[in-house]
Amino acid sequence: MNEHVLSMHDLSAEDVTRILDTAESFREVGTRVIKKVPALRGRTVVNFFLENSTRTRISFELAAKRLSADVINFSASGSSVAKGESLKDTALTLQAMGADAIVIRHSSSGSPLQLTKWVDAHVLNAGDGTHEHPTQALLDLYTMREKLHRLEGLRVAIVGDVLHSRVARSLSFGLVQMGADVTLVGPPTLIPPDAPAWGVHVSYDIDGVLPKLDVCYMLRVQKERQRLEYFPSVREYARFFGLTRARVGLMPDEALIMHPGPMNRGVEIDSDVADLPSSVIEEQVTNGIAIRMALLYLLLGATKEEAS
Amino acid sequence: MSGRDGHGRFVFEGGRIVDPAGGVDAVRDVVVADGVVAGPEAIEGAERIDARGLVIAPGLVDLHTHLREPGDEHKETVETGTRAAAVGGYTAVAAMANTTPVADNAAVVQAVRDLGVAAGLCDVFPVGAITRGLEGDLLAELGEMAAAGVRMFSDDGRAVPTARVLRNALTYVQAFGDDLVIAEHAEDASLVDGGHMHEGIRSASLGLAGRPAEAEEIVVARDLALAGATGGRLHLCHVSAARSVELIRRAKADGVRVTAEVTPHHLAFTDEDLLTYDTNRKMHPPLRTDHDREALRAGLADGTIDAIATDHAPHAIEEKEAEFDHALPGTIGLETALAAILTELVHPGHLSLSRAIDALSVVPARILGAGAHGGPIGPGRPANLVVFDPDREWTVEAPFASKARNSAFLGARLRGAVVATVLRGELVVADGKPTR
């Protein structure tokens, strides 16, 4: 296991399998009345979130608390960062306060890696710019393996704004690493031109892809004005790339529908589709806590216990 | 030849078939029955039409027509514009998107096509706008329009202002077909705004603000780079400058997916023809120098420029009978294009008749994805034909079938005249006159 969790590229297939297996054992904790184990008692985890996030921050917070770690939440607004302190100085301050692990969410690609050069704590990337979101990819891999009992050979489409999606990058890298067959689908303006070099296929025809899938993974489409340069309208996007009930009919019966959230119902996914039994979007959220517990445990707890 | 209602059966006898797509240039009878070209077995009972001395070719296809409807019906309507097209030998026209409202959505596109069907004179292929409202900012609903049958998109009248928007357009449309075309009006606005003619010695002496050739070259160079990078299909409208031709030639050699058109007026005239401030010869891009005209002619002959397109731009009389700097730009062209090309290029020996038909029909049909047009003229193929007398002389004068009369060729003596136009087996023009 590495010292940090920065990119899916850093994880071997064996690493991924070990993380998923560890998460498997932690998931049971979440079903107990007392959802807590003492594995990280006395360790300090800082959630260093410089970009708005609710679900990922809460998931990390719950993961650390269920492992009995002390958790500090640090967000940009109202902090020293808002007062103009540099990322490096803020990080050094956290270090001086004894952080054992720093979970960082930042709008700048590459900032978690930069952080590792300034602090001794373990760094976990909770999403950096349009680069990577490895814990999301791992929880998605976990969910796929749990439901379909394998990753190798799985046929997965990742549909939507791949260009700006850190989820799509991490998930593509992870799936390819585990031997899955990945197809990126979306308007050509939202697919990186060199994406095939990742070892994935590219298609602009979702209807042609759906019948040959084990998993259809929908990405959130950003509706902000600046995104509208890439496609003409939300309406047109939904017509050509949205997962409608009719399109679900093209998929094999046992295929899964996944989404990293938050969803735009009626844009990339129709409301009735999100609520279908084949949609495992809520399971993804539940599994996210187990994956993050596994990562914190493997980084902070396992080595220490093994050493003692 | 008298007017007749079409869906019958007739044979052109003794005409010279010039059918570049079929590789035919020979005297041969052409039988038309039930809307298609028929084999010799259908000749029985067919009405005989003497075509000796006439040329029979695939109906002409115009990549660049302003039909003005909806919104500017005082200039032209789909009905009058397609009537002009039929009289000029055209069986298909691409209708530009700069109408009011703009053809930037499937509903307007469908309405224009329906008006064309109702008129029944010439097939209308609506061009969709690249950007919403032609504002050069946000992409129009290119996918919706492609699903409604649009094959070509253009903000004609102005260039797409930023490389970023054009790059997105060239990239985005590839989701909806490999053959969709982004057509560009290549003039850099910052260099041409306020200008009225080619910038050079003539604009200087006439005291008119110019539209320099480099305004076109800059946009052509930019667009070629983007087409090469994205793999998108680019079409350059009404190329007018010598250096543009050279840029296109090099890009084609590099494998860039680009096609280009030139207008009859840019092939026929230069800025020397503006000495009388004739507003019918004011257009965008402007008539340029003899050097430019020679380069356009050479580029058309060697295939660097793929097609001849009219940029038929009808205006009301009062919009042209005005001070030169106030007059609106553009010339009508559908009714004079074939005769002008024959007179200026074919008869003097600058261009073969076969290449002329190729550039007026075969290639534009291919660019537009208009499979029923452009030939070949063979059994079972839709009977979309033009029949013309290559030698009949006539003088260009109003009135026209078009609602407008702003022709750059007014008063010109041309050699070559359309005798008949056949649209899916119907004689929509006979004896040079519309049959309905």
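A salt bridge, for today, is a side-chain nitrogen of Lys or Arg within 4 Å of a carboxyl oxygen of Asp or Glu. Here is one: A:Glu146 pairs with A:Arg27, with the closest N and O atoms 2.6 Å apart.

Some ground rules. This is a predicted model, where local features need pLDDT of at least 70 and side-chain atom pairs count only at pLDDT 80 or more, while totals for chains, interfaces and linings use all residues. Residues are numbered from 1 along each chain as its sequence is written, chains are lettered from A, and side-chain values use heavy atoms, without hydrogens and water.

Now the domains. Chain A splits into domain 1 (8-132 + 286-307) and domain 2 (134-284); the bounds come from an automatic or database domain assignment. Their C-alpha centres lie 26 Å apart. Contact means heavy atoms within 4.5 Å. By that rule, domain 1 of chain A gives 31 residues and domain 2 of chain A gives 27.

How much area do they bury? About 2,400 Å², 58% of it on carbon and sulfur atoms. That is accessible area lost on putting the two parts together (1.4 Å probe), summed over both. On the domain 1 side, A:Met8, A:Leu20 and A:Asn287 lose the most, together 26% of what that side buries.

Back to charges. The count between the two domains is three salt bridges.

Which element leads on the domain 1 side? Helix 1 of chain A, with nine residues, the largest share of the side touching domain 2. Helices here are DSSP runs (H or I, at least four residues), numbered from the N terminus.

Definitions and conventions: Helices (H or I, at least four residues) and strands (E, at least two) are DSSP runs, numbered from the N terminus.
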